[in-house]
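Please read the following report alongside the sequence and the model.

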Amino acid sequence: MTPDESVDGQFVAQLTAVQVPLLAYVRSLLPGDPAARDVAQQANATLWIKRADFVPGTNFKAWAFSVARYEVLNYRKQQARDARLMFSPELEQTIATELAEAPDEFQAKHEALRACMEHLRTKDRDLLLHRYSQAGTLAEYAAKAGRSVGGLKVTLHRLRTVLLSCIQQRLRSQEASA
Amino acid sequence: MTPLERQQLIDALLDGAISEADFIRLEAELTIDPVARQEYYERVGLSLILENEAARLISTGEVASPAKANSGRPRASWRVAFLGMSAVAAALLLALLWRGMMGTPGDEPVEASGSQINASAEPKEEFASGFAVISGQADAVWEDGRARAVGSLVPPGEFHLRSGVVQLELFSGVVLVVEGQTQMTIHSPMEVAVVRGKVRARVPEPAQGFRVRTSTGQVVDLGTEFAVSAGDDETEVHVIDGQIDWHLPDRPARRLGAGEAIRRDKTGNENVFPSRADAFVGTEDLRSQLDLQQDHRLQQWTRRSEASRHDPRLVAYYQMSSKGLDDRLLSNLASGAGEKASSGAIVAGSPAADRWGRAGSAMNLSPAGSRIRVSVPGEHRSISLICWVRINSLDRWYNSLFLTDGHEQGEPHWQIMDDGRLFFSVKKRDVFDREKGEKDKHIYYSPVFWTSALSGQWLMLATVYDIDARRVTHYLNGEVLSEESIPEEYLVEIVRIGSASSGNGDQPKWDAPHFAVRNFNGNLDEFRLYSAALTGDEIRSLYTDGKP
């Protein structure tokens with residue numbers, strides 16, 4: 001293996017490790033925007049092109065975030081006429097700093113979520129599944145399930161809160177037993 | 001705001017269903033309250049996990065009870081396993097993971113199998129593309145009519161290049177040169193399918209095994225370079241360097257070496273003949289074609305730049321040149337104005353390549369204390385400042401683009417903040433009462449335009465101070481970054497400059513040490529000062545004419 005290849009291998013490892021935090025970061029800056037995944041993927045492409053600029057030993061996540069932020073700005077520029085809601089630069093800066101420092105617990109949380117989902121009623125699980133698989137709108141689902149959109153929103157809110165507290169409890173009990 | 005209300009607003013925001021008024025309330029809360037932000041991060045994270053989980057359940061068909069098959073394999077272990085792998089294997093693995101994390105089925109057990117690509121690790125047909133970026137292009141016209149910048153992702157699915165040439169870099173390191181008309185699909189960093197058209201592939205050693213499929217057969221690379229021309233009636237494969245295997249269904253592979261080509265028509269006739277490298281555009285050819293285009297642009301720019309010198313509004317126009325750098329003096333090229341600026345004196349700057357790649361035609365302003373000293377006489381109303389810069393990093397709190405000596409009433413300051421915002425001000429008053437909330441000037445900031453991602457790229461920055469329209473406009477590469485009205489209280493109708501520096505600040509006279517050093521870390525190609533407000537169209541054409 002040439003030195004270049006080994007460097008690329010390490011780069012890919014770092015890029016892979018940062019995938020979910022990167023997506024969470026982009027999503028935090030583009031809340032409710034379905035294009036967030038595309039923007040994160042474009043950021044990946046840019047990171048790959050600019051891989052030679054990364055200084056090994058420095059904070060990869062912070063570097064990746066700064067590139068992602070530029071992609072967000074770029075995306076917004078393309079969407080200028082659409083004038084979506086966006087946070088102030090100060091708040092965005094705070095988000096970048098805090099998320100870059102946050103521990104990456106997504107994998108553990110995902111595993112906890114799977115356990116928590118088992119305790120939900122089938123119809124609640126179906127609702128979540130529907131909402132997060134993006135198969136059709138909430139209104140279509142409401143019609144099919146014979147419920148109001150407003151009612152579904154309230155249920156979704158409650159389910160998210162229940163899941164978050166269940167996930168946190170599981171993580172805490174794991175920490176305690178570890 | 002109660003915690004419950006706050007959580008509901010966050011959910012509404014993440015659902016894309018929040019009113020503007022609620023958004024502003026929530027933003028205020030998030031700005032001041034770390035607890036609120038924590039809740040926000042948690043709910044963003046939850047939505048991602050739920051999306052991945054929903055995708056996983058749908059793909060496995062087990063909507064009722066989530067499987068536990070893979071729960072004993074913590075991700076940390078396979079992350080470490082990456083480190084010993086070759087680039088290709090890692091890229092492939094990345095591709096697999098990517099697919100998992102980007103919303104389609106995740107959590108498949110992924111084995112790190114050393115540097116060999118085995119059949120089971122081979123990507124499947126339904127693979128999302130987007131594993132290639134455009135690394136060069138000449139006159140490219142795409143089927144959908146959209147222009148795609150160098151550095152952008154190749155569109156997913158089958159794409160159709162109508163005409164021109166594009167160079168694609170796959171994440172495996174394979175470089176493809178594609179000539180229009182070509183219709184093809186990138187299935188993975190290791191596999192593409194060409195419906196029709198011409199594609200030349202340069203395959204680096206770690207990407208051996210890269211394959212190109214056509215309607216008649218497929219080429220598997222055994223090292224270096226080959227080209228494929230696929231049509232409705234026949235397919236040709238030319239081996240330019242190294243070896244390939246030519247695979248047909250139900251037949252043993254046929255090996256071809258450098259200098260050999262094979263043609264197969266739709267009736268199944270095959271013949272071997274000498275390969276012709278010159279029939280396909282290679283990376284070198286594309287490079288020289290691009291160089292030619294750039295030469296043409298440079299000539300065009302030189303003519304337009306000559307013509308622009310006679311503009312009576314142009315007070316100062318400095319172009320770095322090797323002669324100027326030798327003499328430590330830059331002549332002011334502006335020739336139309338009645339009262340124009342002095343020549344520029346070079347302090348400590350060193351020669352660097354300019355935005356056209358010409359050595360010694362830009363100035364490196366990174367050395368400590370480096371600057372260009374100028375003197376601009378007279379009084380001005382509106383002004384426009386324009387420069388081409390290549391920023392290495394924003395090391396200082398303030399990074400000077402153009403600063404007057406001292407900071408007297410009526411003097412402008414133009415710089416870049418360490419967070420990547422442009423800063424422009426004209427001093428309104430020397431005496432003011434901070435206690436009463438008075439300030440000496442109003443600062444017009446642009447949004448953040450620079451991050452380290454732009455490091456090393458040439459950019460055209462411009463700021464227009466327009467008295468008649470009562471407006472300050474910042475531009476990046478000819479596009480408006482931001483516009484702001486000049487507050488009545490801070491309107492300065494007479495701008496004075498006098499002695500000033502580009503690339504650095506004056507000796508510190510101020511009360512805080514952070515004012516002391518404003519050394520700009522980067523290169524400067526050219527600088528213009530107009531004693532007038534240029535229109536958005538004028539700024540845009542300065543950019544389109546001047547971009548390399």
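## A covered strand in chain B

A residue is called buried here when its relative accessible area is under 20%, exposed when it is over 50%, and partly exposed in between. The model is a predicted one, and by that cut-off strand β22 of chain B, residues 458-466, is mostly covered, with 9 of its 9 residues buried.

In a regular strand the side chains alternate between the two faces of the sheet. For β22(B) both faces are covered: W458(B), M460(B), A462(B), V464(B) and D466(B) lie on one side, while L459(B), L461(B), T463(B) and Y465(B) lie on the other, and all of them are buried.

Strand β23 of chain B, residues 471-476, is joined to β22(B) by 6 bridges and runs antiparallel to it. Along this pairing T463(B) stands opposite H474(B) in β23(B), and V464(B) stands opposite T473(B) in β23(B). The hairpin of β22(B) and β23(B) has 4 residues between the strands, and R470(B) takes a positive phi near 50° there. Because 5 of the 6 residues of β23(B) are buried, this strand is largely enclosed by the rest of the structure.

The pattern continues from β23(B) to β24(B), which pair in the antiparallel sense over 6 bridges. T473(B) has E483(B) in β24(B) as its bridge partner, and T473(B) also stands opposite V464(B). A hairpin with 2 residues between the strands is formed by β23(B) and β24(B), and N477(B), in its turn, has a positive phi of about 50°.

## An open sheet of eight strands

Chain B also holds an open sheet of 8 strands in the order β12-β13-β16-β25-β18-β19-β20-β21, with antiparallel pairing. Its edge strands are β12 (329-330) and β21 of chain B, each of which pairs on one side only.

Within the order given above, β13 of chain B (residues 344-347) and β16 of chain B (residues 371-380) pair in the antiparallel sense over 3 bridges. I346(B) has I372(B) in β16(B) as its bridge partner.

## The second largest pocket

Which residues lie nearest the centre of the second largest pocket? They are L73(A), R76(A), K77(A), M86(A) and P447(B), out of a lining of 37 residues. The volume of this pocket is about 920 Å³.

Both chains contribute to the lining: α4 (60-78) and α5 (89-101) of chain A, together with β21 (441-448) and β24 (479-485) of chain B, each supply at least two residues. The element that gives the most is α4(A), with 7 residues. By residue class, the lining divides into 22 nonpolar, 6 polar and 9 charged residues.

## A disulfide in chain A

Over all chains the count comes to 1 disulfide, which joins C116(A) to C166(A) with an S to S distance of 2.0 Å. C116(A) lies in helix α6 of chain A (residues 106-118) and C166(A) in helix α9 of chain A (residues 149-177), so the pair ties together parts that are 50 residues apart in sequence.

The link of C116(A) and C166(A) is left-handed, with -90° about the S-S bond. Both C116(A) and C166(A) are buried.

## Local details elsewhere in chain B

Helix α1 of chain B, residues 3-14, has 12 residues and at 1.5 Å a residue should span 16 Å, which agrees with its end C-alpha atoms being 16 Å apart. The buried residues of α1(B) are R6(B), Q7(B), L9(B), I10(B), D11(B), A12(B), L13(B) and L14(B). The helix α1(B) is followed by G16(B), whose phi is positive, near 70°.

E236(B) has its place in strand β7 of chain B, residues 234-247. Is E236(B) buried or exposed? At 16% relative accessibility, E236(B) counts as buried. E236(B) and A261(B) are 25 residues apart in sequence, and their C-alpha atoms are 7.0 Å apart in space.

Key. Residues are numbered from 1 along each chain as its sequence is written. Chains are lettered from A and ligands numbered from 1 in the order in which they are written. This is a predicted model: local features need pLDDT of at least 70, side-chain atom pairs count only at pLDDT 80 or more; totals for chains, interfaces and linings use all residues. Side-chain values use heavy atoms; hydrogens and water are left out. On a 1 Å grid over the protein atoms alone, a cavity is a set of points where a 1.4 Å probe fits but cannot get out, and a pocket is an open set with protein on both sides within 12 Å along at least five of seven lines; lining residues have an atom within 4 Å of a point. Grid points are joined across faces, edges and corners, and a volume is the space filled by probe spheres set on the points. Ala, Val, Leu, Ile, Met, Phe, Trp, Tyr, Cys and Pro count as nonpolar, Asp, Glu, Lys and Arg as charged, and the others, Gly among them, as polar. A disulfide is a pair of cysteine sulfur atoms within 2.5 Å. Buried means under 20% relative accessible area, exposed over 50%, partly exposed in between (1.4 Å probe, protein chains only). Two strands pair if DSSP finds at least two bridges between them. The expected span of a helix is 1.5 Å times one less than its number of residues.
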